[in-house]
Amino acid sequence: MKREDYGRLRWRCSRRALLELDIALTRFLDERFDQLSEEQQQVFVELADMEDHDLWYLISGQAECEDPRLAPIVALLRKS
Amino acid sequence: MSIPVLKFDAVIVGAGGAGLRSAIQLSEAGLKTAVLSKVFPTRSHTVAAQGGVAASLGNSEEDHWHWHMYDTIKGSDWLGDQDSIEYMCKAANEVVVELEHYGMPFDRTDNGKIYQRPFGGHMSNFGEKPVRRSCAAADRTGHAMLHALYQRNVKANTQFFVEWMALDLIRDAEGAVVGVTAMEMETGQVVIFHSRATIFATGGAGRIFNSSTNAFINTGDGLGMAARAGIPLEDLEFWQFHPTGVAGAGVLITEGVRGEGGILRNSSKERFMERYAPNAKDLASRDVVSRAMATEIKEGRGCGVNKDYILLDITHLDPATIMKRLPGIREIGIQFAGVDCIKEPLPVVPTAHYQMGGIPTNYTGRVVVPKGDDLASVVPGFYAAGECGCASVHGANRLGTNSLLDLLVFGKSAGDSAVEDLKAGKAHRELPQGAAEQSLARISALDNRKGGANVYETGLAMRRCMQDHAGVFRFGDMLKKGVDKILEIEKAAHELEIKDKSMAWNTARTEALELENLIEVAKATMISAEARKESRGAHVRDDAPDTPEFPNGRNDKEWLKHTLFFPQEGNKIVYKPVNMKPLSVETIELKTRSY
């Protein structure tokens with residue numbers, strides 16, 4: 001990922017409406033993001049674009065992810 | 001260097017509830033209005049508000065704004081200004097119904113009215129019994145509100161500058177505000193927004209504390225900018241805390257956990273609440289529980305390597321009960337404490353939640369500062385609303401559901417005042433020479449400094465200092481030491497160094513600029529708290545205990561007054577009287593605050 005794209009993504013992950021997501025998403029960027037394939041990284045960018053409550057419900061297991069493309073990254077977020 | 005200048009009638013900094021509400025007034029009046037936001041508007045922290053918005057609609061039972069006014073004054077421990085409080089409680093019905101007309105999907109009763117539920121501290125008939133006054137949209141009230149306000153702004157042609165950070169307030173030689181400087185994050189370009197009206201709606205600064213329920217965005221940017229421009233900060237010693245946030249993370253653990261049988265334990269596994277509240281134990285009120293936790297930590301009975309947290313134990317509960325009655329709690333423990341609460345207790349600490357103080361305004365949303373004998377002289381062109389403003393309606397403590405009301409009422413009144421002032425027809429005042437110099441110098445210093453302080457380490461030192469020395473329960477000696485420490489940390493915060501010098505999306509630079517704002521609030525909080533030698537509302541001191549002469553430690557004879565902290569004038573404090581005179585009704589006379 002280009003430096004600028006990563007900078008934008010980092011800002012959008014670390015300045016959320018919900019504290020829960022600030023922590024969960026920045027930690028994921030620090031610990032897991034580099035190990036993802038380019039395609040998986042794009043899926044993460046898509047997830048990071050979701051509304052805060054919807055994304056937090058997926059990560060906290062209060063809702064199930066029905067999109068098979070997103071589900072593997074959601075599973076990683078849950079464990080991270 | 002030539003800096004681009006963008007000209008607007010009004011510039012609003014912040015796109016949470018207060019900013020969006022004020023923008024509607026200006027745009028719908030046909031004024032050219034810009035809203036600057038660090039994030040997309042619907043990512044503002046208002047989204048996190050769940051509780052609801054208070055209004056005495058009386059849809060479920062009899063209610064009256066005068067009763068709401070009484071509750072708010074009592075909640076404020078009589079530090080709130082009674083004119084502002086009357087204004088807010090009276091305006092509540094109108095702003096809630098307006099919001100409904102903007103498309104806010106409030107919960108409804110069977111006959112189609114807005115459904116109302118009870119909320120702590122809201123009573124009927126001047127404190128007699130609980131009343132249903134909170135209007136909500138499921139558990140997403142803030143989210144729904146922000147979407148409704150944003151749509152209305154899109155319709156009204158408000159111009160949004162998304163992912164821009166405001167840097168400094170621009171004042172002319174007479175002290176009037178003529179705009180702000182701001183940086184576009186995508187390019188790193190600094191621009192002057194030249195305006196006839198400038199409204200700050202930048203939210204709170206909860207990130208000054210190590211344990212805070214606030215999202216990372218709440219860095220008090222408006223307060224920092226105001227402070228650097230010589231505007232005093234009001235009543236910053238008053239912060240509302242929640243007893244149980246996850247230690248180290250701040251994520252809120254609902255009080256329902258103690259309701260279901262959760263027990264607080266210290267390092268020797270003792271159920272210490274038995275000593276502090278023999279009857280209610282772990283179910284004692286928020287204040288009592290928070291104070292007991294802080295005392296245990298201060299006296300060395302905290303848990304962990306640093307002895308700085310308490311354990312919330314629910315391992316004795318049936319796992320099925322935990323999963324059914326406390327949804328999401330297990331996941332919060334696993335995600336943010338690395339603990340499965342079914343098997344191990346959760347580490348918790350009292351956690352900062354809401355800032356009662358802020359930029360001093362009157363109930364019209366105009367910023368007011370001392371000038372000569374006048375303690376509340378209007379700063380031309382400058383307005384503030386929401387958590388960053390201090391009208392002051394929350395005084396020493398805020399009632400639940402009054403924060404969403406505050407941002408609607410004072411967002412609107414700040415917008416209306418700006419429209420009124422602009423219609424008086426004044427042209428743009430001239431920009432002073434070197435209007436962007438301060439901002440450019442700050443950025444250049446960050447980019448060029450060698451051997452300066454590390455942003456992360458300095459921020460951490462500030463947050464720990466605030467948590468340890470000015471937390472939920474305050475001790476005179478700790479506050480004194482805290483003042484010395486925060487002044488040391490302030491030096492480092494003005495000597496920051498960043499490694500990344502790039503222009504586009506440089507988050508290191510943005511975080512350094514945010515820290516320069518946070519430190520202003522941290523310093524104001526510590527010094528104001530040390531100076532106030534009584535207990536009142538959320539400011540509770542060990543050396544100002546409950547006595548017959550001073551019930552709850554409150555000393556009205558000496559301390560029924562607002563703090564105004566002037567960082568630009570040698571950290572001077574000036575006190576101004578509380579406005580005890582409402583707009584149309586009799587004064588709500590002083591009483592001991594007890595529930």
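Which residues in α8(B) are buried? In this predicted model, they are B:Val289, B:Ser290, B:Ala292, B:Met293, B:Ala294, B:Thr295 and B:Glu296. Buried here means under 20% relative accessible area with a 1.4 Å probe, protein chains only.

## Ground rules

Residues are numbered from 1 along each chain as its sequence is written, and chains are lettered from A in the order in which they are written. Local features need pLDDT of at least 70, side-chain atom pairs count only at pLDDT 80 or more, and totals for chains use all residues, while side-chain values use heavy atoms, with hydrogens and water left out.

## Helix α8

α8 of chain B covers residues 286-298, so 13 residues, and spans 18 Å from first C-alpha to last, close to the expected 18 Å (1.5 Å times one less than the number of residues).

The buried residues of α8(B) pack against β11 (239-246), α6 (256-259), β12 (263-265), α7 (273-276), β13 (310-313) and β14 (346-355) of chain B; contact means heavy atoms within 4.5 Å.

## The whole of chain B

Chain B carries 16 helices and 22 strands, which are DSSP runs (H or I, at least four residues; E, at least two). Its radius of gyration is 23 Å, close to the 25 Å that the globule rule gives for 595 residues, so chain B is as compact as a globular protein of that length. That radius is taken over C-alpha atoms, and the rule is 2.2 Å times the number of residues to the power 0.38.

Of the 595 residues, 62% count as buried. As for contacts in chain B with a separation of 6 or more, 73% come from residues 24 or more positions apart.

Technical notes
Buried means under 20% relative accessible area, exposed over 50%, partly exposed in between (1.4 Å probe, protein chains only).
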